[in-house]
Amino acid sequence: MARANQQSKSLVEVPLHLLGAVGITLLLMLVIATFAWHTYSGAQSILLETSQETTRYIRDTLSEKVQRILLPARNQITLLEHSGFSSADTLASRLDEMPLVLDALNENPITDAIYVGYPNGEFILFRPLRSEAVRDQVKAPPKATLLVQSMTQDSVGTMLGEYRFFDDDRKLLDARFMPNYNFDPRTRPWFQSAFKEQGTILTEPYLFFTTKSVGLTLASKSTDGAVIVALDLTISSLADAFRDISITPSSELALVGPSGQVVAYRDSAKMTALQADGSVRLVSVPELGIPALERASELIGGDRARSAVEIDGRRWQ
């Protein structure tokens, strides 16, 4: 009996501060658990918002970089539209425009050539000699950095082809008459399209006359409509420019024209397709074979509220 009373007494005598500590601990654990749940939910929301903000930043940055690549070409066309080429009726007066052309070429390294076509069939082209392949092809002098190709009509109406090579100081190094150089700009698609259309036109890819490279031409009428001004962009130069602007290792980027054609992509070999007649054309986004770009292209003109696609369990934005 005494032992039972002693046990009962020991149970009653549990310190109150210990009970309080246990209660506070349990309450604290409940508060922490509740706080952790809300924190987790809030963190998920913050992470999603942060991801969306990061995606918007990447898009804006890429857009800015793309504009930095293409804007100089547009500016060059505008500059040429207002230049003195339309009133220059001799080779000498056309060569006087060389400082303007050199500034334009130096501003944009992806421009392969700048040229002007005249309604009478005359023509002048300025080509920077940046690659050894082109230098070898035109047999350029060692110090030459610029080739000027021209077709000029003489006093009896005969077209004379000529190559002129200049160094960095615009000093003439060599002048060659080229009897086998027969080029009439009026027969070229870029001339015909620009003559008919208002504003700047972009051609389909084609094989360039001199270098045999595949590229595109931007062309437009001069402000007075007297001549057609144009510049060439090679597929490889566009690909090189795009290869350098990826922000993340897995970024995929393509520049798509109004008709859905891929105008620029990091791998130039994927940008064109050979047609039955031997000509080349720009491919569409699905033809690139890049699932992320193909899915992204489906959002163009559709549900713009969707900013992400999921492919094989991986989220692309």
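This is a predicted model: local features need pLDDT of at least 70, side-chain atom pairs count only at pLDDT 80 or more; totals for chains, interfaces and linings use all residues.
The secondary structure of the chain consists of nine helices and 15 strands. The chain has 317 residues, of which 38% count as buried. Its exposed surface comes to about 18500 Å², and carbon and sulfur atoms supply 57% of that area. Among the contacts in the chain with a separation of 6 or more, 50% are accounted for by residues 24 or more positions apart.

Seven of the seven residues of E1 are buried, so the strand is largely enclosed by the rest of the structure. E1 is paired with E9, and the two strands run antiparallel and are joined by six bridges. Within this pairing, Ile114 stands opposite Leu231 in E9. E1 also pairs with E2, again in the antiparallel sense, over four bridges. Here Gly117 has Phe123 in E2 as its bridge partner. The two strands E1 and E2 form a hairpin, with five residues between them. In the turn of this hairpin, Gly121 has a positive phi of about 100°.

Strand E9 covers residues 228–234 and includes Thr234. Thr234 has a relative accessible area of 7%. Because buried means under 20% relative accessible area, Thr234 counts as buried. When its neighbours within four places in sequence are left aside, the contacts of Thr234 are Ile110, Asp112, Phe208, Ser213, Val214 and Gly215.

The side chain of Asp112 meets that of Arg127, with a distance of 3.1 Å from N to O.

In total, the structure contains six salt bridges. Another of them joins the side chains of Arg164 and Glu162, at 2.8 Å from N to O. In this pair, Arg164 is partly exposed, with a relative accessible area of 21%, whereas Glu162 counts as buried at 9% relative accessibility. A further salt bridge is formed by the side chains of Arg186 and Asp184, at 3.0 Å from N to O. Arg186 is partly exposed, with a relative accessible area of 36%. Asp184 is likewise partly exposed, and its relative accessible area is 26%.

Aromatic side chains provide a further set of pairs. A pair of aromatic rings is described by the distance of the centres and the angle of the planes. Eight aromatic pairs are found in a search of the whole structure. One of them is formed by Tyr115 and Phe123, whose arrangement is tilted, with 5.7 Å centre to centre and 55° between the planes. Tyr115 and Phe123 are both buried. Tyr115 also pairs with Trp190, and this pair is edge-to-face, with 4.9 Å centre to centre and 70° between the planes. The pair links distant parts of the chain, since Tyr115 is in strand E1 and Trp190 is in helix H6 (residues 189–196), 75 residues apart. Trp190, like Tyr115, is buried. Together with Phe183, Phe191 and Phe195, the residues Tyr115, Phe123 and Trp190 form one aromatic cluster.

H4 spans residues 98–107, and its buried residues are Met98, Val101, Leu102, Ala104 and Leu105. Seen down the axis of H4, these buried residues fall within an arc of 160°, so they line one face of the helix. On the other side of H4, Asp103 and Asn106 are exposed.

Key
Residues are numbered from 1 along each chain as its sequence is written. Side-chain values use heavy atoms; hydrogens and water are left out. Buried means under 20% relative accessible area, exposed over 50%, partly exposed in between (1.4 Å probe, protein chains only). Contact means heavy atoms within 4.5 Å. The arc is that of the directions from the helix axis to the C-beta atoms. Accessible areas come from the Shrake-Rupley method with a 1.4 Å probe; for residues, only the protein chains shown count as cover. A salt bridge is a side-chain nitrogen of Lys or Arg within 4 Å of a carboxyl oxygen of Asp or Glu. Two strands pair if DSSP finds at least two bridges between them. Rings of Phe, Tyr and Trp (its six-membered ring) pair if their centres lie within 6.5 Å; planes under 30 degrees apart count as stacked, over 60 as edge-to-face and the rest as tilted.
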